[in-house]
Amino acid sequence: MSKKALGLIELIERDHRNLEALFEKLRSAILTGKAEQAQTAFLQLQVSEEEHFAVEERIMREYRYPHLERHKTYHDSLRKTMLTIERVLLAERPKNLHTDIAEYIAETLNHIEEADNPLQTFLRDKASDAAKEAPHKSL
Ligand SMILES: [Fe+2]
Ligand SMILES: [Fe+2]
């Protein structure tokens, strides 16, 4: 239990690093005006982000996280923004795209700080509670 919660924290952190690398890829493709690369990077980001949200939501359900609903609403708002960016990308309006993506990246980084960090703290507490309880269980 304790090891599992710690493993989940690492998984979330790995996902965040991966997402940040994809943001960078997307941002530089947009800045250098490479539309095709931007579309590919965006697609990768969309898939990875959705997988990541699903992972966090599964963890929150499994651990009965008290702020699950609020956290999920936050994910849903990020999902909506991604759809807006997708529409802009498909309509090939790169001028607006840069602003949309910059806002999206800021919003996601905010989410990590405001919502994901407390989730990780919660899991860390679960892990240390389990470690404290462990000796009693073996008695
Ligand atoms: Fe999250
Ligand atoms: Fe996250």
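Reply: A residue is called buried if 20 or more other C-beta atoms lie within 10 Å of its own, exposed if 12 or fewer do, and partly exposed in between, with C-beta atoms placed from the backbone. This is a predicted model, in which local features need pLDDT of at least 70 and side-chain atom pairs count only at pLDDT 80 or more, while totals for chains, interfaces and linings use all residues. Residues are numbered from 1 along each chain as its sequence is written, and chains are lettered from A and ligands numbered from 1 in the order in which they are written.

Me: What percentage of the residues in the chain is buried?
Reply: Of the 139 residues in the chain, 13% are buried.

Me: And how many helices and strands are there?
Reply: The chain has four helices and zero strands. Both are DSSP runs numbered from the N terminus: helices are H or I with at least four residues, and strands are E with at least two.

Me: What box do the C-alpha atoms fill?
Reply: Along the principal axes, the box is roughly 65 × 25 × 20 Å.

Me: Why does the span of H2 agree with its number of residues?
Reply: The expected span of a helix is 1.5 Å times one less than its number of residues. Helix H2 has 28 residues (35-62) and should therefore span 40 Å, which agrees with the 40 Å between its end C-alpha atoms.

Me: Which residues of H2 are buried?
Reply: They are Ala38, Ala41, Phe42, Leu45, Glu49 and Glu56.

Me: Which residues make up the largest nonpolar core?
Reply: A nonpolar core is a set of buried Ala, Val, Leu, Ile, Met, Phe, Trp, Tyr and Cys residues joined through C-beta atoms within 7 Å. The largest has eight residues: Leu26, Ile30, Ala38, Ala41, Phe42, Leu45, Leu89 and Ile101. Helix H1 (2-31) and H2 each give two or more residues to this core, and H2 has the largest share, with four. Another core, of six residues, lies apart from it and includes Ala5, Leu8, Tyr65 and Leu123.

Me: What is Ile101 in contact with, leaving aside its neighbours within four places in sequence?
Reply: Ile101 is in contact with Leu26, Arg27, Ile30 and Ile85; contact means that the C-beta atoms of two residues, placed from the backbone, lie within 7 Å.

Me: A new topic: where is Arg64, and is this residue buried or exposed?
Reply: Arg64 is in the loop between H2 and helix H3 (68-90). Arg64 counts as exposed because it has 7 C-beta neighbours inside 10 Å. Its phi is near 45°, a positive value in a residue other than glycine.
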